[in-house]
Amino acid sequence: MTKVQETRLKVIAELGGKCDCGKTGKDILVYAKGKYELKWWPQNLYAKKWEEIEPRLNDYYLSCMMCRRIKLGLTTIEHGGGASGKQGCDCDPCRLQKNAYNREKNKKMREDAKLLRQLRKEGKL
Ligand SMILES: [Zn+2]
Ligand SMILES: [Zn+2]
């Protein structure tokens with residue numbers, strides 16, 4: 001095991017070793033709580049000396065990917081909600097929302113193209 005891996009395991013153990021939902025092992029990751037300078041992001045953290053890490057342990061938390069998404073509000077889009085429905089979902093409300101989104105986008109593109117032609121015609125471009 002490398003020093004970095006060793007530190008990572010130590011950080012995880014110190015933070016309780018599991019996600020709130022009970023997941024452990026490879027399913028959980030260490031995340032920084034707020035916005036940090038790059039040198040304190042988890043992946044860079046592991047290269048530091050334990051004496052430097054220990055006082056900052058409270059700035060980190062353990063979570064699996066799913067719980068983190070929920071925590072950040074990334075999975076709270078309702079079917080048919082958001083700008084274009086749920087990502088990759090094919091249910092009717094999501095499809096309708098996606099269609100509306102694409103229609104709007106295409107309309108905007110057509111309008112832009114029209115404006116461009118107009119400006120060219122008038123010799124403004
Ligand atoms: Zn979890
Ligand atoms: Zn859906």
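Tutor: Let's start with the setting: the protein chain is split into domain 1 (3–72) and domain 2 (77–125), with bounds that come from an automatic or database domain assignment. This is a predicted model, in which local features need pLDDT of at least 70 and side-chain atom pairs count only at pLDDT 80 or more, while totals for chains, interfaces and linings use all residues. Residues are numbered from 1 along each chain as its sequence is written, chains are lettered from A and ligands are numbered from 1 in the order in which they are written.

The part I have picked is helix H5, which covers residues 92–121. Helices here are DSSP runs of H or I with at least four residues, strands are runs of E with at least two, and both are numbered from the N terminus. H5 has 30 residues and reaches 43 Å from its first C-alpha to its last. That is close to the 44 Å expected at 1.5 Å a residue, where the expected span is 1.5 Å times one less than the number of residues. As a handy rule, an α-helix has 3.6 residues a turn, so residues three or four places apart point the same way.

Leu119 counts as exposed because it has 11 C-beta neighbours inside 10 Å. Leaving out residues up to four places away in sequence, Leu119 touches Lys124 and Leu125; a contact means that two C-beta atoms, placed from the backbone, lie within 7 Å. After H5 comes Gly123, with a positive phi near 70°.

Ile77 counts as partly exposed because 17 C-beta neighbours lie inside 10 Å. Apart from neighbours within four places in sequence, Ile77 is in contact with Gly82 and Lys86. Ile77 and Arg110 are 33 residues apart in sequence, and their C-alpha atoms are 29 Å apart in space.

For comparison, look at helix H1 (residues 3–14), which has twelve residues and reaches 16 Å from first C-alpha to last, close to the 16 Å expected. Gly16 follows H1, and its phi is positive too, near 110°. Lys26 sits in the loop between H1 and strand S1 (28–32). With 7 other C-beta atoms within 10 Å, Lys26 is exposed. Gln43, in helix H2 (residues 42–45), is exposed as well, with 11 other C-beta atoms within 10 Å.

Finally, the whole picture. The protein chain holds five helices and two strands, in the order α-β-α-α-β-α-α along the sequence. The C-alpha centres of domain 1 and domain 2 lie 40 Å apart, and the C-alpha trace spans about 70 × 40 × 25 Å along its principal axes. The radius of gyration, taken over C-alpha atoms, is 24 Å, whereas a compact globule of 125 residues would have one near 14 Å, by the rule of 2.2 Å times the number of residues to the power 0.38. Buried residues make up 7% of the 125 residues. Among contacts between residues at least 6 apart in sequence, 51% join residues at least 24 apart.

Definitions and conventions
A residue is buried if 20 or more other C-beta atoms lie within 10 Å of its own, exposed if 12 or fewer, and partly exposed in between; C-beta atoms are placed from the backbone.
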